[in-house]
Amino acid sequence: MQTGTLTIAGRSYPSRLIVGTGKYPDFDVMRRAIEASGASMVTVAVRRVDLSRRGGESLLDYIDSARITLLPNTAGCFTAEEAVRTARLGREAGLSDLVKLEVIGDERTLFPDNEGLLQATRILVKEGFAVLPYTNDDLVVAKRLRDAGAAAVMPLAAPIGSGLGIQNPANLRILLEEIRDVPVIVDAGVGTASDAAIVMETGADGVLMNTGIAGADDPVKMARAMRLAVEAGRLAFEAGRIPKKLHARASSPLQGIVR
């Protein structure tokens, strides 16, 4: 996908950076960080939002939904049934028919339950959702999710919130080579701007992050750094880097030099 925009389910987004809305010190910092990130899509945990708007101030009040697309997520769901129910709730509340699908299989590592993820994807696709499943960096699972109708696949770079960066670059490169008909958006594990640039230089169509921005000492500055890193990484990928070599090669030709 050699375009300047990220296209998901037939809709194009100017930014390839998707950011989360949790863990910020307060809603105003969240709002300013989202603005600094340049993101055109933000993910919102359905189960952590007052959908009735009766409980006073809500994070939704701080998001310009006319300019920024909401991506509801099923964070905190440990079964396919729970995730499907949560996705339906978000759509009924008017959030979106997009859904970042999470079915967690292990409470400590927050690694996905691939069997439950596939089951929930098939159900939600049939119901008209554009499903973006959070998965591990397993090519076989990614292909099955794509074949089940997922609008994108979202492999992790490292455990959620770890800030470790890409821990298995070989797996990610293989996945990116094989999955070319839907976007591959790397999700989880990005800790700083260099991590984001490496993700994009690898050829990912986009990157999603939350803790790397929200947990920084200055979330607004980090959001801007991530924006620049994503843009630079994508440009470098499209430009095509030089091959790596063990030995030196002169920047200027040696022919014609008088010794």
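## Overall shape

The radius of gyration here is taken over C-alpha atoms, and the globule rule is 2.2 Å times the number of residues to the power 0.38. With 259 residues, a compact globule would come out near 18 Å, and the protein has 19 Å, which agrees. Along its principal axes, the C-alpha trace spans about 80 × 40 × 35 Å.

Before going further: this is a predicted model, where local features need pLDDT of at least 70, side-chain atom pairs count only at pLDDT 80 or more, and totals for chains, interfaces and linings use all residues. Residues are numbered from 1 along each chain as its sequence is written, and side-chain values use heavy atoms, with hydrogens and water left out.

## Fold and packing

The protein has 8 helices and 10 strands (DSSP runs numbered from the N terminus: H or I of at least four residues for helices, E of at least two for strands). Buried residues make up 49% of the 259; buried means under 20% relative accessible area with a 1.4 Å probe, protein chains only. Of the contacts (heavy atoms within 4.5 Å) with a separation of 6 or more, 65% are between residues 24 or more positions apart.

Val19 sits in strand β3, residues 17-20, and is buried at a relative accessible area of 1%. Its C-alpha atom is 5.0 Å from that of Val42, 23 residues away along the chain. Beyond four places in sequence, the contacts of Val19 include Ile34, Met41, Val42, Met209 and Ile213.

Val42 also has a bridge partner in β5, namely Leu70. β4 and β5 run parallel and are joined by 5 bridges (strands pair if DSSP finds at least two bridges between them). Strand β5 (residues 69-73) has 5 of its 5 residues buried, so it is largely enclosed by the rest of the structure. Both faces are covered, with Thr69, Leu71 and Asn73 on one side and Leu70 and Pro72 on the other.

## The largest pocket

Now for the pocket: its volume is about 630 Å³. On a 1 Å grid over the protein atoms alone, a pocket is an open set of points where a 1.4 Å probe fits, with protein on both sides within 12 Å along at least five of seven lines; lining residues have an atom within 4 Å of a point. Of the 32 lining residues, Lys23, Arg48, Glu102, Ile160 and Asn210 are the closest to the centre.

Elements giving two or more residues to the lining are β4 (41-45), β10 (206-209) and α7 (211-214), and β4 gives the largest share, 3 residues.

How values were computed: Points joined across faces, edges and corners; volume = space filled by probe spheres on them. Buried < 20%, exposed > 50% of the residue type's maximum accessible area, 1.4 Å probe, protein only.
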